[in-house]
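Please read them beside the coordinates.

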Amino acid sequence: MRTTLHVNGKLVEVDVEPRLTLADCLRHELRLTGTHVGCEHGVCGACTIIVDGQAVRSCLVLAVQADGASIQTVEGLAGGDALGPLQTAFRRHHGLQCGFCTPGMLMTAHALLQAEPEASEARIREVLSGNLCRCTGYVGIVKALLDARSAYARPHTREAR
Amino acid sequence: MKLPSFDYAAPSTLQEAVSLLGAHAGSALAIAGGQSLLPMLAYRLVAPSLLIDLRRVPGLDAISVTDEGVCLGSKVRWCDVESDARLRTAHPLLAQAVTHVGHSSIRNRGTVGGSLAHADPAAELPGIALTCDAQIAVAGALCPRTIRAEDFFLGPMTTALASDELIVELRFPAWPAARRWAFEELARQRGAFAIAGLALYYDLRDAAAANVHIGVFGAGPRPQRITQAEAALNGRVIDEQAIAAAARTASATVEAIDDVNASAAYRRSLVGTLLERALTRAAQG
């Protein structure tokens, strides 16, 4: 089926089987292999991307269901070769080791901090509970998010401080 | 696993969706958020010939709050319930329960209709619907009908919904402002399926409990009411003695299953504990 997607600001058209998940469409049709696929049934969170502004699991969305949607993947987080502020914070706080869960962590965190730039540590931990990491013990990831919050602060909240 | 092969349709009216379901009765399935159905497909526990996507069907995503109660359209997502401030007073039990559904990225797509139709015994919404005497409005090839929650959930992943019927709306009766209520759930980790969960409410008449409703999910093969504990509490002041007696009754009468997460005996004991905590919390107001 012909399906139109806006991926990281670019309009793309793909012709896919209805059974193809959005995760596999991104990886295999569009060669955006930054999105990782772990469990393929919505448990691990590794494939989390942002669809129409909200974090979703791309293994639990059919590509055909996303027809017309705006999609942001981890490839859309950096400006060329320069890491974005969230990625820089992950690096600074050792928020990754093997890196498998990292794209999903980053996209979950990006959606959260865009919507709630002043999220508390408890709120950050609650939202991250949907993403499994088997290396870090999460402490570095939580620190990275806490540190990255200032980069997402809205102008008026910055003034208020 | 990769999903089995199927055809796909995205009709633009409810009537079209229903007639497609009817034409493929038994082999077509409706999909909205897909947060339960896609894992079922990935496990190949279902293999429909046709998926009917409801994303273009209008009019199923409204939350209405009136004197009659709260109505949730079948395409209302968990995140819609969470962000609707009216529900915190119009139905605080529902609002609280929904925060326990999966994780935030699941709640961004999962829907009311999907949860009801999937009928996982450990799911929160079927438990809340049963506890609160909710009604499920469905559309079908014949005439629309309304099914009481107590008649809807038949067993694990099994409902009274016919293969050519679609859920349109979930209707909760009005919620008095002074009502006492509580929600308790135990899961291995946040967002995981409940080993058991419990919802309750009652109204106060001359300091005594009336209209006591206690519902349990996750413990048995389908959500259940704990009617003997309800009867024992009706007309009584909710004090320490009444709470302990009700907890014992709940443990003794709840239908509990053995599975990989917990034994039936553990679940029976847990339901007693959850009822004790819930009644204590509700009594504090």
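Predicted model: local features only at pLDDT ≥ 70, side-chain atom pairs only at ≥ 80, totals over all residues.

1. For chain B, the domain assignment gives domain 1 (7-53), domain 2 (63-173) and domain 3 (192-284), and the C-alpha centres of domain 1 and domain 3 of chain B are 36 Å apart.

2. In helix 1 of chain B, which spans residues 14-23, Ala17(B), Val18(B) and Leu21(B) are buried. Viewed down the helix axis, the buried residues of helix 1 of chain B fall within an arc of 95 degrees, so they line one face of the helix. The face turned away from that buried side carries the exposed residues Gln15(B) and Ala23(B), while the cover over the buried residues includes strand 2 (28-31), strand 3 (50-53), strand 6 (135-139) and strand 10 (166-173) of chain B.

3. The largest nonpolar core has 36 residues, and those with the most contacts inside it are Leu72(B), Leu116(B), Ile128(B), Leu170(B) and Phe172(B). Helix 5 (residues 92-98) of chain B supplies the largest share of this core, four residues. Domain 2 and domain 3 of chain B both give residues to this core, so it lies between them. Setting aside residues up to four places away in sequence, Leu170(B) touches several residues, among them Val70(B), Leu72(B), Val112(B), Leu116(B) and Ile136(B). A second, separate core of 35 residues includes Leu22(A), Ala23(A), Ala63(A) and Ile106(B).

4. The contact between the chains takes 31 residues from chain B and 24 residues from chain A, and it buries about 2300 Å², of which carbon and sulfur atoms give 52%. Five salt bridges are counted between chain B and chain A. Lys2(B) meets Asp24(A) in a salt bridge (2.7 Å, N to O), and the side chains of Glu40(A) and Lys2(B) also meet in one (2.5 Å, N to O). This second pair runs from the loop between helix 1 (22-29) and strand 3 (48-51) of chain A to the segment before strand 1 (7-9) of chain B. Lys2(B), at 39% relative accessibility, counts as partly exposed.

5. Within chain B, Asp203(B) forms a salt bridge with Arg179(B), with the closest N and O atoms 2.9 Å apart. This pair links distant parts of the chain, 24 residues apart, with Asp203(B) in strand 12 and Arg179(B) in the loop between strand 10 and strand 11 of chain B. Asp203(B) is buried at a relative accessible area of 13%, and Arg179(B) counts as buried at 11%.

Conventions. Residues numbered from 1 in each chain as written. Chains lettered and ligands numbered in written order. Heavy atoms only, no water. Buried < 20%, exposed > 50% of the residue type's maximum accessible area, 1.4 Å probe, protein only. Helix = DSSP H or I, 4+ residues; strand = E, 2+ residues; numbered from the N terminus. Arc of directions from axis to C-beta. Contact = heavy atoms within 4.5 Å. Core = buried A, V, L, I, M, F, W, Y, C linked by side-chain atoms within 4.5 Å. Domains from an automatic or database assignment. Buried area = accessible area lost by both parts, 1.4 Å probe. Salt bridge = Lys/Arg side-chain N within 4 Å of Asp/Glu carboxyl O.
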